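Thanks, everyone. Please look at the structure on the screen while I talk.

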Amino acid sequence: MVELDQFKYTINQYRDPLVEVGHSLDLERKKDRIEELEAPGFWDNIERSQQVMKELKNLKDTVEEYKGLVDQLEDIDTMLEMGYEEEDPSLIPEIDEMVKTFVESLEQLRV
């Protein structure tokens, strides 16, 4: 189906930018910092724990947002495979919406 080919082409255009965003977010460092902040003894200092909780939430939100984009991309790939296998035109609107949502989310994160 031509529409599926167009979706696949569009999504492929965003694979490298998604990886670049992941690198620029320095996700591994953020994950390491999350583990560090969640280490035992965290709650021993109440004042410090309040400050750290804010940082921890920020770090987790960033990591989860990126993970959500990766999950969206995997879901789109699955839907595209289904579309090719089943040759079902009723999947086109759903895939279209998924692609639009993914692109918008990625662009927001890039900014």
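Start with the face of α2 turned away from its buried side: it carries the exposed residues E28 and E35. Exposed means over 50% relative accessible area, buried means under 20%, and partly exposed is in between, with a 1.4 Å probe and protein chains only. Helices here are DSSP runs of H or I, at least four residues, numbered from the N terminus.

A word on the source. This is a predicted model, where local features need pLDDT of at least 70, side-chain atom pairs count only at pLDDT 80 or more, and totals for chains, interfaces and linings use all residues. Residues are numbered from 1 along each chain as its sequence is written, and side-chain values use heavy atoms, leaving out hydrogens and water.

Now the other side of α2. Which residues of α2 are buried? They are L27, K30, R33, I34 and L37. Seen down the axis of α2, these fall within an arc of 120°, so they line one face of the helix. The arc is that of the directions from the helix axis to the C-beta atoms. The buried residues pack against α1 (2–24) and α3. Contact means heavy atoms within 4.5 Å.

Next, the pair α2 and α3. Helix α2 covers residues 27–37 and helix α3 residues 46–86. Their axes come within 10 Å and cross at roughly 140°. Axes are lines fitted to C-alpha atoms, for helices over the stretch in contact, and angles run from 0 to 180 degrees between N-to-C directions.

Last, K67. It sits in helix α3. K67 is partly exposed, at 42% relative accessible area.

Notes
Helix = DSSP H or I, 4+ residues; strand = E, 2+ residues; numbered from the N terminus.
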